[in-house]
Amino acid sequence: MADSASRFQDPTLVGTRIRAQTANTIPADLPLERDFGEGTDYTITDHVRELHAKLTAPQSPRLALVMDRLVYHLHAFAREVGLTHAEWAAAVELIGRAGKESTAGKDEVVLMSDCLGLSVLVDEMEHPRPKAATEGCEEGPFYTKSFPEVPSGSCISHPDTVGQPLFFEATVKNTKGEPIQGAKAEVWQSDGEGTYDVMYDTPPESGADDRARIIAEPNGYFSYRGVLPVAYPIPDDGPCGTMLRALGRHPHRASHLHFRLTAPGYDSLTTALYPSHSPFLGTDPVFATRLSLIGDLEQAEDVGKWKEWGFDEADVRKRGGKVWAWRFAFVLASKEEVELERQNRKADRITPNTKL
Ligand code: BEZ
Ligand code: FE
């Protein structure tokens with residue numbers, strides 16, 4: 001038999017488009033040796049896996065492993081639930097919509113991953129932290145690259161930003177309880193209407209509101225003044241919203257402050273903190289609420305305290321006559337601690353050499 005190269009260029013065997021494509025790249029070919037069939041000892045699952053083992057594994061062992069397990073579990077899932085054609089078509093339509101209805105500020109595929117818990121799982125595997133370290137959670141869609149850098153103690157809200165006054169203070173320590181030097185805390189949050197600066201039709205002239213990179217003091221302490229965030233819904237006008245409604249779930253995120261903490265020598269921490277008074281803590285659509293991240297806030301009515309923290313008394317009175325005080329102790333894991341955790345957990349995973 002003629003070799004593959006000449007067969008793929010033979011006009012009596014292949015059409016013009018294959019000939020044009022294979023003029024430079026010769027696709028791998030194999031003889032068809034056996035038929036597959038459901039209920040036999042060689043199913044479509046075996047056939048797809050065998051093809052990947054032969055064609056993909058030699059050029060990319062990791063891709064072959066990932067795709068092998070994906071095909072295996074996807075087919076097992078379809079058999080287990082007896083997936084009907086109508087259900088398959090509905091899923092295909094939803095996934096298609098996720099692609100078509102994604103915009104620059106709203107990635108429906110990421111939202112679906114968040115709402116199915118996949119983002120949490122990948123994040124936990126990517127950033128395994130020792131127990132003593134603060135737990136992380138998703139960054140969400142409202143992180144931006146531009147954060148005004150301000151010293152600890154600054155106000156991060158514009159004077160006309162809606163919301164009740166908030167004083168937030170925190171310490172940043174390592175797992176041995178030592179203060180961390182050189183820590184920076186990026187904070188971004190909604191205002192008192194549940195809206196982020198980037199969501200407004202006319203974003204603030206300064207480019208940021210309720211968002212700042214705060215330089216912690218040398219002893220790892222930092223604070224800021226702002227407004228109390230409130231609960232808000234994740235975008236639910238697209239396929240992710242359709243999915244949540246079908247599942248009897250709501251899109252409302254509990255109130256929260258987002259943080260990204262960095263310090264030289266330490267694993268960066270992306271997390272969020274939640275006030276215990278917020279609704280939706282137990283039904284968060286993106287599974288980002290953790291018990292260790294929920295805290296009780298104080299309501300300070302002492303004018304002396306307001307002044308000590310830098311608030312204007314008349315402004316506080318106009319906004320309800322109290323300042324919410326929120327404290328948290330962040331614990332960062334060192335890069336070495338995270339690497340050690342990662343190696344320990346890796347030991348449990350399969351590799352391209354695992355016999356399955
Ligand atoms: C948020 O905090 O707004 C958010 C986080 C994850 C997914 C969607 C929204
Ligand atoms: Fe958020």
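Modeller: Donors are N, O and S atoms within 2.8 Å of the metal, and water is not among the atoms, so sites may look incomplete. The model under discussion is a predicted one.

Colleague: Which spacing do the donors of the iron ion (ligand 2) follow along the chain?

Modeller: The protein donors of the iron ion (ligand 2) are the OH atoms of Tyr-196 and Tyr-232 and the NE2 atoms of His-256 and His-258, lying 1.9 to 2.1 Å from it. Along the chain, the donors of this ion follow the spacing Y-x35-Y-x23-H-x1-H.

Colleague: How many residues apart in sequence are the parts that the pair Tyr-196 and Tyr-232 ties together?

Modeller: Tyr-196 belongs to the loop between strand E4 (184-189) and strand E5 (211-215), whereas Tyr-232 sits in strand E7 (residues 232-233). The pair therefore ties together parts whose separation in sequence is 36 residues.

Colleague: Is Tyr-232 buried or exposed?

Modeller: A residue counts as buried under 20% relative accessible area. Tyr-196, with 0%, is buried. Tyr-232 has a relative accessible area of 5%, so this residue is likewise buried.

Colleague: How many charged residues does the contact of H3 with H4 have?

Modeller: Helix H3 (residues 44-55) and helix H4 (residues 61-81) pack at an angle of about 175° with their axes 10 Å apart, which makes H3 roughly antiparallel to H4. H3 contributes Ile-44, Thr-45, Val-48, Arg-49 and His-52 to the contact, and H4 contributes Ala-64, Met-67, Asp-68, Arg-69, Val-71, Tyr-72, His-75 and Arg-79. By class these residues divide into six nonpolar and three polar, while the number of charged ones is four.

Colleague: Are H6 and H8 roughly parallel or antiparallel to each other?

Modeller: Helix H6 (residues 108-115) and helix H8 (residues 239-246) pack with their axes 8 Å apart and at an angle of about 25°. Angles under 35 degrees count as roughly parallel. The two helices, H6 and H8, are therefore roughly parallel.

Colleague: How many nonpolar residues does the contact of H6 with H8 have?

Modeller: In this contact Glu-108, Leu-111, Met-112 and Cys-115 of H6 meet Pro-239, Cys-240, Met-243 and Leu-244 of H8. Divided by class, the contact has one charged residue and no polar ones, and the count of nonpolar residues is seven.

Colleague: At roughly what angle do the axes of H5 and H8 cross?

Modeller: The axes of H5 and H8 come within 8 Å and cross at roughly 145°. The contact is formed by Leu-94, Arg-97 and Ala-98 of H5 with Pro-239, Thr-242 and Met-243 of H8, and its classes are four nonpolar, one polar and one charged.

Colleague: What covers the buried residues of H8?

Modeller: The buried residues in H8 are Pro-239, Cys-240, Gly-241, Met-243 and Leu-244. Just after this helix, Gly-248 takes a positive phi of about 70°. The elements that cover the buried residues of H8 include helix H5 (85-100) and H6.

Colleague: What is the phi of Phe-287, which is not a glycine?

Modeller: Phe-280 is in the loop between strand E10 (269-275) and strand E11 (294-295), is partly exposed at 29% relative accessible area, and has a positive phi of about 75° although it is not a glycine. Phe-287 also lies in the loop between E10 and E11 and is partly exposed, with a relative accessible area of 39%. The phi of Phe-287 is positive, at about 55°.

Colleague: How far apart in space are His-277 and Leu-297, C-alpha to C-alpha?

Modeller: His-277 is placed in the loop between E10 and E11 and is partly exposed, with a relative accessible area of 40%. Leaving aside residues up to four places away in sequence, His-277 touches Leu-228, Leu-297 and Trp-324. His-277 and Leu-297 are 20 residues apart in sequence, and their C-alpha separation is 8.1 Å.

Conventions. Residues are numbered from 1 along each chain as its sequence is written. Chains are lettered from A and ligands numbered from 1 in the order in which they are written. This is a predicted model: local features need pLDDT of at least 70, side-chain atom pairs count only at pLDDT 80 or more; totals for chains, interfaces and linings use all residues. Side-chain values use heavy atoms; hydrogens and water are left out. Helices (H or I, at least four residues) and strands (E, at least two) are DSSP runs, numbered from the N terminus. Buried means under 20% relative accessible area, exposed over 50%, partly exposed in between (1.4 Å probe, protein chains only). Axes are lines fitted to C-alpha atoms, for helices over the stretch in contact, and angles run from 0 to 180 degrees between N-to-C directions. Angles under 35 degrees count as roughly parallel, over 145 as roughly antiparallel, 65 to 115 as roughly perpendicular and the rest as oblique. Contact means heavy atoms within 4.5 Å. Ala, Val, Leu, Ile, Met, Phe, Trp, Tyr, Cys and Pro count as nonpolar, Asp, Glu, Lys and Arg as charged, and the others, Gly among them, as polar. Donors are N, O and S atoms within 2.8 Å of the metal (3.2 Å for Na, K and Ca); water is not among the atoms, so sites may look incomplete.
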